[in-house]
Amino acid sequence: MKKRLKAMFFSKAAIAFFTVLSAISALLFYSVRYGFVFVDDVLYTGFSLGLFVFTAIGAACLLAILNRKAQGKYFICEGATNAVAFLCEVLAVITFLYSIITIIVDKGMSLSTAYALFKSALPVWAFITGVAFFAFAFPLIKNKVVSRIVRCVTALILIAAGVVSVFPIQPFTFSSSPVVFDNGSEYSIVFSTSSDSTGYVAYESNGEWIRVYDVNDGRKKKDRIHTVTLQKDELSGKEYRVGATRIIDELSYGGRTGKTIESDGIFFHDDFADDVNILTVSDWHTKNKKALSVSESLGSYQAVILLGDCAPGLMSREDICDYILDFAAELTGGTMPVLYVRGNHETRGRAASYLADYLGYDSFYYTTSIGSYDFVVLDSCEDKEDTHPEYGGMADYTAYRSKMTDWLCSLESTGRNTIALCHSPDLCLEPELAARSFDKLESMGTSLLASGHLHRVALDESKSFPVFIDGGVDSAGSGSFAGAMMSLTSDGIRLKCQDNNGSVLLEKSISWNK
Ligand SMILES: [Fe+2]
């Protein structure tokens, strides 16, 4: 038994195995550090980061022990060396399990965040482990064939990395088709490409094609996401196309461009009759496919309202492309307007600050109309106080909500049928601001507040106007998704909420409150 345990934990093969596990665990653990705040909240601040530091030190210790063992030597004595090795091995196993559990507990919804963190940490990790391997492990390989294979593989990797850095090899395509966002006063056409490019929108006007580039102060913007803003009448009822040219190199003098691609013509429709069906979706949290299947089962619609929370956070441009643009493009085909309502999870992550620019919004609180119906769009931001550890010191939303409430109170009533939209049904975290906002919406004759955030389907009729919560992920049981159709007619609003099994969860008619 003692011999077997010794072989399992302290043989050369075991130490080599745990060295590799330790290095992988450190990378994985660093990639799921979005979960640190929850564990630290229960234990103490800095616990998880400390665990990471000790695991990284443990990997280095194991490598040093392996090196000594291969030479038949020990640090101090065999017992002390084995005790240190065992501690490092336990750390490797704990951080590995911690990482896996972190990914599992939120049902894979944070996989995109983990991937973004993994991608940014990988080059540093590869450099450190590569240098460590060639300094301490490679000299121990006595077998000439294995040694030669390792050298050949390393040389091939270096050559491939050099070629790829100079000549892009992946094909250049649109990674998401265009989406037309209604920002209140204008339409912004947004699409993305597989790599950095310049982009444009061309629209047909009186038999001529007019091309408008995505520019910053006259300079074409180099980005994966392109945003072109047009006056509403420039796009209304027109055919348009989007195009992009790959940018390979940018220099002070000259540069290098690649292939140019252009979409087929798309007809944009915003000429609404009195009867209009609007799809509402909230809290899809990366579950695009489920949300798309519910949307299809709800029937045809002429506009889309996205009520926020596309992912746990916006860690990169890729998150915006995958969970907002690609999703909205699949829902609309770029043929109808989309109203975006910011969710609390769109205020988090490294790309959150750029969301408004990318979607073409000056602000996430605004007014607009769909046909003869008015919409007041509010931005509830986060649902906890600004100092909450989940926000990593980046939140200043109390001041923002106060400004938004002042803006709301300055609005004049249009006398038309009005619907309010806000991710949180509470409107504002601060009771005083929430009360002012509800009072103002009531005085404007608001007939309905449509919201999400709670991951359930409900219609609260206890307030001066009904408050609708349209579903989202897990709203009809674990693994489910529910979305809604909001049908507007001159008589009133009809709400129909359905889940991904086709079950109707809510059906209700509401009169206009003019
Ligand atoms: Fe939310």
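## A buried loop residue

Ala395 is buried, its relative accessibility being 16%; here buried means under 20% relative accessible area, exposed over 50%, and partly exposed in between, with a 1.4 Å probe and protein chains only. Ala395 belongs to the loop between β14 and α12. From Cys381, Ala395 is separated by 14 residues in sequence and by 9.3 Å in space, C-alpha to C-alpha.

## Model and overall dimensions

The model is predicted: local features need pLDDT of at least 70 and side-chain atom pairs count only at pLDDT 80 or more, whereas totals for chains, interfaces and linings use all residues. Residues are numbered from 1 along each chain as its sequence is written, and side-chain values use heavy atoms, with hydrogens and water left out.

The protein contains 13 helices and 21 strands; these are DSSP runs numbered from the N terminus, with helices (H or I) of at least four residues and strands (E) of at least two. Along the principal axes, the C-alpha atoms fill a box of roughly 90 × 55 × 40 Å. Of the 514 residues in the protein, 49% are buried.

## The iron site

Four residues coordinate the iron ion at 2.1 to 2.2 Å: Asp309 through OD, Asn344 through OD1, His423 through NE2 and His453 through ND1. Donors are N, O and S atoms within 2.8 Å of the metal (3.2 Å for Na, K and Ca), and sites may look incomplete because water is not among the atoms. Along the chain, the donors of the iron ion follow the spacing D-x34-N-x78-H-x29-H.

The arrangement around the iron ion is irregular because its four donor atoms subtend angles of 88 to 171 degrees. Under the criteria applied, four donors count as tetrahedral if all angles lie between 85 and 135 degrees; four count as square planar and six as octahedral if opposite donors are over 155 degrees apart and all others between 65 and 115; anything else is irregular.

## Salt bridges

The whole structure holds 21 salt bridges, each defined as a side-chain nitrogen of Lys or Arg within 4 Å of a carboxyl oxygen of Asp or Glu. One of them joins Lys232 to Asp182, with the closest N and O atoms 3.1 Å apart. Lys232 lies in helix α8 (residues 232–235) and Asp182 in strand β1 (residues 174–182), so this pair ties together parts that are 50 residues apart in sequence. Asp182 is buried, at 2% relative accessible area. Glu318 and Arg224 form another salt bridge, with 2.7 Å between the closest N and O atoms. Because Glu318 is in helix α10 (residues 317–332) and Arg224 in strand β6 (residues 223–231), the pair ties together parts 94 residues apart in sequence. Glu318 is partly exposed at 25%, whereas Arg224 is buried at 10%.

Asp379 forms a salt bridge with Arg342, the closest N and O atoms being 2.9 Å apart. Here Asp379 lies in the loop between β14 (373–377) and α12 (397–409) and Arg342 in the loop between β12 and α11, so parts 37 residues apart in sequence are tied together. Asp379 is buried at 0% relative accessibility, and Arg342 is buried at 9%.

## Cysteines

The number of disulfides is zero, a disulfide being a pair of cysteine sulfur atoms within 2.5 Å. Cys409 is in no disulfide, as its nearest cysteine sulfur, that of Cys428, is 9.7 Å away. Cys409 is partly exposed, at 31% relative accessibility. For Cys422, the closest cysteine sulfur is also in Cys428, at 7.0 Å, which is too far for a bond. Cys422 is buried, at 0% relative accessibility.

## A nonpolar surface patch

Leu49, Val53, Phe54 and Ile57 form a nonpolar surface patch with about 380 Å² of accessible area together. Patches consist of residues with over 30% relative accessible area and no salt bridge, like charges being joined within 9 Å and nonpolar side chains (Val, Leu, Ile, Met, Phe, Trp, Tyr) within 5 Å. Accessible areas come from the Shrake-Rupley method with a 1.4 Å probe, and for residues only the protein chains shown count as cover. Leu49 is located in helix α4 (residues 47–70) and is partly exposed, at 48% relative accessibility.
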